[in-house]
Amino acid sequence: MDPKRTEFEAFFRAQYPQVMAFLMATGAFREEAQDAAQVAFIDALQHWELIQNPKAWARTVAVRTYYKASGRSRRGSQFESRAAAGTSFEDDTAAGQDLMTFEDQQSVMQMLKWLPPAQREVMALTFDELRTT
């Protein structure tokens, strides 16, 4: 098998759930996060040899795709629409999570919902151990 393909597959397996969680932390519903993450990883595969920092690149493309598709901006109000729909990030991530991780995510999400969208995105990146510029 091609070593670059193997490298990309390992990246995809490790990072797809993380990109999904990042998008949902910025306010995306599960389906919106899946769509945006899929676009980001397809683009990553097409540009794999040119990408310097794949982890940051995938999140940047994914969040831009999400904002563009949803018609929202960083100044939009994602958590308000999520609250109006009666869903939460915790509802989307509870299955398959161990209790401690789930409780930690609940605490983080409770804190994040009070931040403006742009700051929420920065904090989601910070929790993902990425720097913002």
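At what angle do the axes of α1 and α2 cross, and within what distance do they come? The axes come within 9 Å and cross at roughly 145°.

The model is predicted: local features need pLDDT of at least 70, side-chain atom pairs count only at pLDDT 80 or more, and totals for chains, interfaces and linings use all residues. Residues are numbered from 1 along each chain as its sequence is written, and side-chain values use heavy atoms, with hydrogens and water left out.

**View 1. Overall make-up of the protein.** The secondary structure comes to seven helices and zero strands, in the order α-α-α-α-α-α-α from the N terminus. Helices (H or I, at least four residues) and strands (E, at least two) are DSSP runs, numbered from the N terminus. Buried residues make up 36% of the 133 residues; buried means under 20% relative accessible area, exposed over 50%, and partly exposed in between (1.4 Å probe, protein chains only). Among contacts between residues at least 6 apart in sequence, 62% join residues at least 24 apart, where contact means heavy atoms within 4.5 Å.

**View 2. Helix α1 against helix α2.** α1 passes α2 in a right-handed crossing. A crossing is right-handed if the near helix is turned clockwise from the far one by less than a right angle, and left-handed if anticlockwise. Axes here are lines fitted to C-alpha atoms, for helices over the stretch in contact, and angles run from 0 to 180 degrees between N-to-C directions. The residues of α1 that meet α2 include Phe8, Phe12, Tyr16, Met20 and Met24. On the α2 side, Arg30, Ala33, Gln34, Phe41 and Leu45 are among them.

**View 3. Helix α1 against helix α3.** The axes of α1 and α3 come within 10 Å and cross at roughly 40°. That makes α1 oblique to α3; angles under 35 degrees count as roughly parallel, over 145 as roughly antiparallel, 65 to 115 as roughly perpendicular and the rest as oblique. The crossing of α1 past α3 is right-handed. Phe11, Gln15, Gln18, Val19, Phe22 and Leu23 in α1 meet Pro54, Lys55, Ala58, Arg59, Ala62, Val63 and Tyr66 in α3. Gln15, placed in α1, counts as buried at 13% relative accessibility. Leaving aside neighbours within four places in sequence, Gln15 is in contact with Phe41, Lys55 and Arg59.

**View 4. Helix α2 against helix α3.** The axes of α2 and α3 come within 8 Å and cross at roughly 130°. α2 is therefore oblique to α3, and α2 passes α3 in a right-handed crossing. Contacts from α2 involve residues including Glu32, Val39, Ala40 and Asp43. Their partners in α3 include Trp57, Val61, Thr65 and Ser70.

**View 5. Helix α3 and its end.** At 1.5 Å a residue, the 17 residues of α3 (residues 54–70) should span 24 Å, and the end C-alpha atoms are 24 Å apart, which agrees. The expected span is 1.5 Å times one less than the number of residues. Ala58, Arg59, Val61, Ala62, Val63, Tyr66 and Tyr67 are buried in this helix. An α-helix has 3.6 residues a turn, so residues three or four places apart point the same way. Gly71 follows α3 and has a positive phi, near 75°.

**View 6. Aromatic rings.** The whole structure holds eight aromatic pairs. Rings of Phe, Tyr and Trp (its six-membered ring) pair if their centres lie within 6.5 Å; planes under 30 degrees apart count as stacked, over 60 as edge-to-face and the rest as tilted. The Tyr16 and Phe41 rings have centres 5.7 Å apart and planes at 55°, so the pair is tilted. This pair links distant parts of the chain, with Tyr16 in α1 (residues 3–25) and Phe41 in α2 (residues 30–46), 25 residues apart. Tyr16 counts as buried at 18% relative accessibility; Phe41 is buried, with a relative accessible area of 3%. Tyr66 and Tyr67 form a tilted pair, 5.4 Å centre to centre with 45° between the planes. Phe8, Phe11, Phe12, Tyr16, Phe41 and Trp48 form one aromatic cluster.

**View 7. Two loop residues.** Thr26 lies in the loop between α1 and α2 and is buried, with a relative accessible area of 1%. The C-alpha atoms of Thr26 and Leu125 are separated by 9.5 Å, and these residues are 99 residues apart along the chain. Leu115 is in the loop between α6 (99–112) and α7 (117–127). At 26% relative accessibility, Leu115 counts as partly exposed. Not counting residues up to four places away in sequence, Leu115 touches Arg120 and Met123.
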